Amino acid sequence: MSDALTVPVVHLLKGGVLYQSDAPAVWEQIVSQQAAIGDYLSVIGLDVVIDRAEGYAYVRQQDLDSRDDGAPVPRLVTRHRLSFPVSLMLVLLRGRLADSDADSADPRLVLTRDDLVEMVRGFLPPRSNEAQLVDQIDAHIKKLVDLKALRQTKQTGAYEVRRHIKALVDAQALNDFNDLLATYRDAASTTAKDDT
């Protein structure tokens with residue numbers, strides 16, 4: 001590997017998602033060396049994904065079907081099994097990001113901890129102890145920070161929704177979730193009417 005590829009490849013492999021705003025010099029190297037980085041990473045079964053419009057890059061495991069020789073490749077990119085509440089929060093955040101993109105010229109979406117708690121509260125089973133529910137949601141928020149879907153801002157209790165969430169939850173998944181949510185609401189409404 002040439003010296004020009006070392007820094008960008010290491011950042012991509014080590015960091016998960018690299019944002020242009022977080023490391024402008026490395027971002028420029030990734031963009032200028034995209035083809036060479038892609039060729040290098042393909043040897044080890046990875047693809048580089050660069051979204052220039054949103055300003056982020058990451059690596060993902062190639063599909064086994066995409067290998068020319070058909071040989072299985074051990075996984076290098078960690079897959080994270082997400083709990084239902086964390087998955088739910090990802091989808092809800094993706095919806096909020098889509099709404100923000102449609103309604104605001106600001107590319108950043110910043111939500112407070114209270115916004116996040118209110119956003120997900122109605123979807124979680126009620127608890128007799130409100131503090132336990134909020135603690136549970138705080139744990140889910142921490143998981144999303146660890147996954148880099150949220151980033152804490154300098155303002156206490158505020159989080160920026162990261163743009164790569166669009167790659168994690170695409171428009172089709174968002175539509176499927178909205179359809180499922182509508183079905184859930186209809187079923188809950190029917191059950192509530194039957195109980196009265």
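Student: Which residues of helix H6 are buried, and do they line one face or several faces of the helix?
Tutor: In this predicted model, the buried residues of H6 are Leu-133, Val-134, Ile-137, His-140, Ile-141 and Leu-144. Viewed along the axis of H6, these buried residues fall within an arc of 115 degrees, so they line one face of the helix.

Student: Which residues are exposed on the other side of H6?
Tutor: Exposed means over 50% relative accessible area. On the other side of H6, the residues that are exposed are Asp-135, Lys-142 and Asp-146.

Student: How many Å apart are the end C-alpha atoms of H6?
Tutor: Helix H6 comprises 17 residues, 130-146. At 1.5 Å a residue, it should therefore span 24 Å. The distance between its end C-alpha atoms agrees with this, at 25 Å.

Student: Which backbone nitrogen does a side-chain oxygen of Asn-129 reach at the start of H6?
Tutor: A polar contact requires N or O atoms within 3.5 Å. At the start of H6, the side-chain oxygen of Asn-129 comes to within 2.9 Å of a backbone nitrogen, that of Ala-131.

Student: Is His-164 buried or exposed?
Tutor: His-164 lies in the loop between strand E6 (158-161) and helix H7 (165-168). Buried means under 20% relative accessible area. Because its relative accessibility is 4%, His-164 counts as buried.

Terms used. Residues numbered from 1 in each chain as written. Predicted model: local features only at pLDDT ≥ 70, side-chain atom pairs only at ≥ 80, totals over all residues. Heavy atoms only, no water. Helix = DSSP H or I, 4+ residues; strand = E, 2+ residues; numbered from the N terminus. Buried < 20%, exposed > 50% of the residue type's maximum accessible area, 1.4 Å probe, protein only. Expected span 1.5 Å × (residues − 1). Arc of directions from axis to C-beta. Polar contact = N/O pair within 3.5 Å; in protein donor to acceptor, adjacent residues only side chain to side chain.
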